[in-house]
Amino acid sequence: MAKKKWSDLTRRQRRIIVAASLVEVVLTTAASRDLASRPADQVRGPKPLWALSFAVQPFGPIAYLLAGRVRRT
């Protein structure tokens, strides 16, 4: 089966791809900004490891935002 080109996709498929890409960019940006501004004692685990996890889209940023941060009181 040949790979589809962008022009072969339906308008709906293109919109879904663009929307998913935007969600990934927003999640990664939010997670990166939070990680950079948060003190190391408020992060579960080493900050460099969390930064590397952001390359695993979209699971890295979601995991960090849900479980990587210590809740502020």
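Select aspartate 34 and arginine 69 to begin, since these two form a salt bridge in which the closest N and O atoms are 3.7 Å apart; a salt bridge is defined here as a side-chain nitrogen of Lys or Arg within 4 Å of a carboxyl oxygen of Asp or Glu. The pair links distant parts of the chain, with aspartate 34 in helix α1 and arginine 69 in the segment after α3, 35 residues apart. Salt bridges that share partners join Asp34, Arg38 and Arg69 into one network. What you see is a predicted model, in which local features need pLDDT of at least 70 and side-chain atom pairs count only at pLDDT 80 or more, while totals for chains, interfaces and linings use all residues. Residues are numbered from 1 along each chain as its sequence is written, and side-chain values use heavy atoms, leaving out hydrogens and water.

Is aspartate 34 buried or exposed? Aspartate 34 counts as buried because its relative accessibility is 15%, where buried means under 20% relative accessible area, exposed over 50%, and partly exposed in between (1.4 Å probe, protein chains only).

Next, colour the whole of helix α1, residues 11-37, which has 27 residues and reaches 39 Å from its first C-alpha to its last, close to the 39 Å expected at 1.5 Å a residue; the expected span is 1.5 Å times one less than the number of residues. Helices (H or I, at least four residues) and strands (E, at least two) are DSSP runs, numbered from the N terminus. The buried residues of α1 are Thr28, Ala31, Asp34 and Leu35, and they pack against α2 (47-53) and α3 (59-68).

From there, select Ala31, Leu35, Val43, Trp50, Phe54, Tyr64 and Leu65, the 7 residues of the largest nonpolar core, meaning a set of buried Ala, Val, Leu, Ile, Met, Phe, Trp, Tyr and Cys residues joined through side-chain atoms within 4.5 Å. The elements that give two or more residues to this core are α1 and α3. Centre on tryptophan 50, which, leaving aside residues up to four places away in sequence, touches Leu35, Val43, Arg44, Gly45, Gly60, Ala63, Tyr64 and Gly68, a contact being heavy atoms within 4.5 Å.

Finally, move to proline 58, in the loop between α2 and α3, where a cis peptide bond joins glutamine 57 and proline 58, with omega about -10°.
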